[in-house]
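Let me see the structure first.

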Number of protein chains: 2
Amino acid sequence: MATIGFRQHDHGQCIATALSQAEAKCAEQKLQFTPVRRRVLEILLDKHRAMGAYDILDILSAEGMGSQPPVVYRALDFLVQHGFVHRIERLNAYTACAHPTHDHVPAFLVCRECKAVAETETELTQGRLGSAADKTGFRIEKIVVEAEGLCPACAGARP
Amino acid sequence: MATIGFRQHDHGQCIATALSQAEAKCAEQKLQFTPVRRRVLEILLDKHRAMGAYDILDILSAEGMGSQPPVVYRALDFLVQHGFVHRIERLNAYTACAHPTHDHVPAFLVCRECKAVAETETELTQGRLGSAADKTGFRIEKIVVEAEGLCPACAGARP
DNA sequence: ACCCACGACGTTATAACATATCAAGCGAAA
DNA sequence: TTTCGCTTGATATGTTATAACGTCGTGGGT
Ligand SMILES: [Zn+2]
Ligand SMILES: [Zn+2]
Ligand SMILES: [Zn+2]
Ligand SMILES: [Zn+2]
């Protein structure tokens, strides 16, 4: 599985697989995969793009699952914490992880028009950033890599 | 000039140099280096860390240079646009560029405790991210690379 | 059975970050 | 001098995120 997001795929299958993987991982690690958490992940998988917390909240509240910000932020915190969802810093938004079965340092291609997101992985950690950290004694705990640009669809629509 | 930010330096000189470089570049490109813009850059250079827009605004307004958000956001837009300042997405904050004399793709080490920021450059653009972009036809326009962790001072204080 | 600790959730309020819009000032170009 | 473009002033509003505090249900120890 590599860069998905700008390619066709069986989306129903894609959602079902990801949900059951999440369920399995939570069972294994004794995490509570509660209805709200499950539904938030499902929404993110379904839309398959970066969504703002309040967009998600609108959907939740329309379904009677809580209508205040903390509801969705808590669910997102949980999902991010356990690697089911990534936060896109550039957009202050969230997207379901494309390869939740193994640990990784994600990198993203984010379309500035339609907000579609493709996730890949990065080798980084070494390179200039790593050596700069070493030289100064900085201890890296997390790395954010996000590329912004135009996806094929949006580039085609307005070349 | 490389990674500064976690090292000692003659800070008065550092500020003076950066300001006069900015002044020169604006003159050359017929940009207006207005008092507000100059002062905002100066504040960022002085603090030498990531600052939120409203932190800057507090200082400006204490000095009678405008007290509404648009004042500082307009100045920041200008400074970012022309490469004098970078936005740190991870913090929704801003920091003065450490090497404003040439174009570059900046990468940052950001201390999660004290918000100190060290800027280095990244080779990236190639690598897995670039090839993922090529494969899918995504056109990259901008790249954000930010590492979060503990700076030497904060790691020392609480090891 | 009882108590309690813990984690999740409900709710209110507020903090923090950012933009839309319209009007006024001001210097340079025409 | 008129016009134009850019900067700024001012008000209002939109968007994202967290603090604070109470409640509820589950599960473990007694
Ligand atoms: Zn991922
Ligand atoms: Zn697009
Ligand atoms: Zn820079
Ligand atoms: Zn620090």
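Is Y54(A) buried, partly exposed or exposed? I looked it up: Y54(A) is partly exposed, at a relative accessible area of 46%. Here buried means under 20% relative accessible area, exposed over 50%, and partly exposed in between (1.4 Å probe, protein chains only).

A note on the source: this is a predicted model, where local features need pLDDT of at least 70, side-chain atom pairs count only at pLDDT 80 or more, and totals for chains, interfaces and linings use all residues. Residues are numbered from 1 along each chain as its sequence is written, chains are lettered from A and ligands numbered from 1 in the order in which they are written, and side-chain values use heavy atoms, with hydrogens and water left out.

Next I counted ring pairs, and found 2 aromatic pairs over all chains. Rings of Phe, Tyr and Trp (its six-membered ring) pair if their centres lie within 6.5 Å; planes under 30 degrees apart count as stacked, over 60 as edge-to-face and the rest as tilted.

Y54(A) belongs to helix α3 (residues 53–62) and Y73(A) to helix α4 (residues 69–81), 19 residues apart. Helices are DSSP runs (H or I, at least four residues), numbered from the N terminus. Y73(A) is partly exposed too, at 33%.

In chain B, Y54(B) and Y73(B) are edge-to-face, 6.3 Å centre to centre with 70° between the planes.

Last, I checked for charges over rings (NZ of Lys or CZ of Arg within 6 Å of the ring centre and within 35 degrees of the ring normal). R37(A) sits over the face of F78(A), 3.9 Å from the ring centre.

Conventions
Helix = DSSP H or I, 4+ residues; strand = E, 2+ residues; numbered from the N terminus.
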